[in-house]
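Please consult the sequence and the three-dimensional view alongside the text.

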Amino acid sequence: MGADGVPDGRPDRRHGVAGLRRYGVPGLRRFGVPGLRRFGAGGPSRVRIRRDLAVRTRDGLRLRTDHYRPVGAGAAPTVLIRTPYGRGGPVRLLGLLFARRGWHCVVQSCRGTFGSDGLFEPLLHERADGLDTLEWLRRQPWYDGRLGTFGISYQGFGQWATAAHAGDDLRAMVAVVTAAQTRDSTYAGGAFSLDTVLTWAELMSAQQVPWLTRQRELRRGLPRLTAGLAHLPLAEADRVATGSTVPFFQEWLTQHRPAAPYWLPRTFHREVAQVRAPVSMVTGWHDIFLPAQLADYAALRAAGRRPRLTVGPWTHGSPGLFVTAYREAAEFFATHFGEGPASSGHRPVRVHVAGAGWRDLADWPPPVTTTGWYLWPGGRLGRSVPPRSAPDRHRYDPAVPTPAVGGPMLIAQHAGVRDNRELEARPDVLTYTSGPLDRPVELIGPVTAEVYVRCSVEYFDVFVRLCRVDRRGRSWNICDGLSRVDGEAGGEAVRVPVTLWPTACRLAAGERLRVQVSGGAHPRWARNPGSGEPLGTAARLRSSERWIFHDPQRPSVVWLPVTQD
């Protein structure tokens, strides 16, 4: 029986580290038994795992939990991972690796997933369930009061849910491609992040599908998901993609207003400044949650904290992200459990600068000179305000929406840096290109744009992308963003501010900057039908003409953060 009188799972099993490769962690096959030293996974050679422990919640449910215990270890620090994705695969590898360092590792399935009781309602129960799990830990004889939490993506939302309420137990937390709130990422720029939400809904649904069936669907290229992403109205897209109604997908289609009470118990950013435990953040330039995670960093800094931040050349699912996140966590926990050096030697912020490598910074964002690059007539991009000129014109047809190419998307195979030449050849994409740079230009920091637009309909989107054009003429996306305009234009030219993802890159002499302007990036963002109908039920599609202005009175511009060499 467990400490709470609940049957505590299967008998203990002792495990070495052989066979880790069978878990199929992308990019980790090279780490066999000897290769674990590359992770710094010293310590006990054997790990004892007690599976399917039942941790009771305050409302009487049982959350299935695995405990990884170093053989021979008594009371020691504990690393907690709460996840809706099951307790096998990569998370099992993490349990073994943390335990080999001499720490207990507890891996728990969120309610309604992988044997845990209840209904999975994204974000709603993570605070209460996480704090109930902490109370359970405090009753265990092997728990010494030193807690670290680790989480990637959804796992990290659960960390933020409890971080301000965990008391002195919480010694450190490592948050990887995640944030304290998902509301703004779900409606980035005011539009619906369709690819992220529907793809995640399909992935969660597929967790209940037999393994062989899932492998067949993957080999076919997920045709049902593809059909769902293309389907209108959106309120039917979940049934097309998964075969059933997904309650949270339906809720997110209707609860999209910023002040919707629905999000109050599901977002935790208001308490970030109250978190006193040291925090390490790991993310990527092409991650879907990057802006929200940097907002958490800013909130901690404003409260006088010194979080650690690592931003690499990664997407949400990059294999290299997993490796870096574990290494960062192992060092960070050792330091704050009182078992390692006070610092790794690098400064609080480490970023990967594309074209230049890793850079240590004192803070984020670093000091820069914000420089305007203006859209000019003739598809040119210049450093000064453009002359008097007629606007450029293009047509957007939501029935054949401008596609998303690379950038921050949920699935790694679709995300990241891509050659944009095929996209830029479309008639619904305008491009503005600088001359060859006479010296290297380094950009590190936030990127914004102001685009003056007149549209033939009152409801439209403006997508802006910054690219690097190499000496061979290939156009590689650096960062981008989208803003939705809802009924404010009235046929007049309006200034549309667009916040792009931040970036860090270095362009070589002879390369060129390019700015794209278009009416969307589908299915990364749900297409704007142009009709003003509600998000979930919109089905009437209205094509529109757009005029992009570049003159002294209406200077469309992209503001770039230029560092000083």
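**Helix packing and strand pairing**

Helix 1 and helix 11 are roughly parallel to each other, a description that follows because angles under 35 degrees count as roughly parallel. The model under discussion is a predicted one. The axes of helix 1, which covers residues 89-100, and helix 11, which covers residues 319-336, cross at roughly 30° and come within 12 Å of each other. The crossing in which helix 1 passes helix 11 is right-handed. On the side of helix 1, the contact is made by P90, L93, L94, L97 and F98; helix 11 contributes F322, Y326, A329, A330 and F333. In terms of residue class, the contact of helix 1 with helix 11 comprises 10 nonpolar residues, with no polar and no charged ones.

Attention now turns to a strand and its pairing partners. Strand 22 spans residues 557-562, and five of its six residues are buried, so this strand is largely enclosed by the rest of the structure. Burial here refers to a relative accessible area under 20%.

Strand 22 is joined to strand 12 (residues 369-376) by six bridges, and the two strands run antiparallel. Within this pairing, V562 of strand 22 has T369 standing opposite. Strand 22 is also joined to strand 16 (residues 441-455), here by four bridges and again in an antiparallel arrangement. In that case, A449 is the residue that stands opposite V558 of strand 22.

Definitions and conventions:
Residues are numbered from 1 along each chain as its sequence is written. This is a predicted model: local features need pLDDT of at least 70, side-chain atom pairs count only at pLDDT 80 or more; totals for chains, interfaces and linings use all residues. Side-chain values use heavy atoms; hydrogens and water are left out. Axes are lines fitted to C-alpha atoms, for helices over the stretch in contact, and angles run from 0 to 180 degrees between N-to-C directions. Angles under 35 degrees count as roughly parallel, over 145 as roughly antiparallel, 65 to 115 as roughly perpendicular and the rest as oblique. A crossing is left-handed if the near helix is turned anticlockwise from the far one by less than a right angle, and right-handed if clockwise. Contact means heavy atoms within 4.5 Å. Ala, Val, Leu, Ile, Met, Phe, Trp, Tyr, Cys and Pro count as nonpolar, Asp, Glu, Lys and Arg as charged, and the others, Gly among them, as polar. Buried means under 20% relative accessible area, exposed over 50%, partly exposed in between (1.4 Å probe, protein chains only). Two strands pair if DSSP finds at least two bridges between them.
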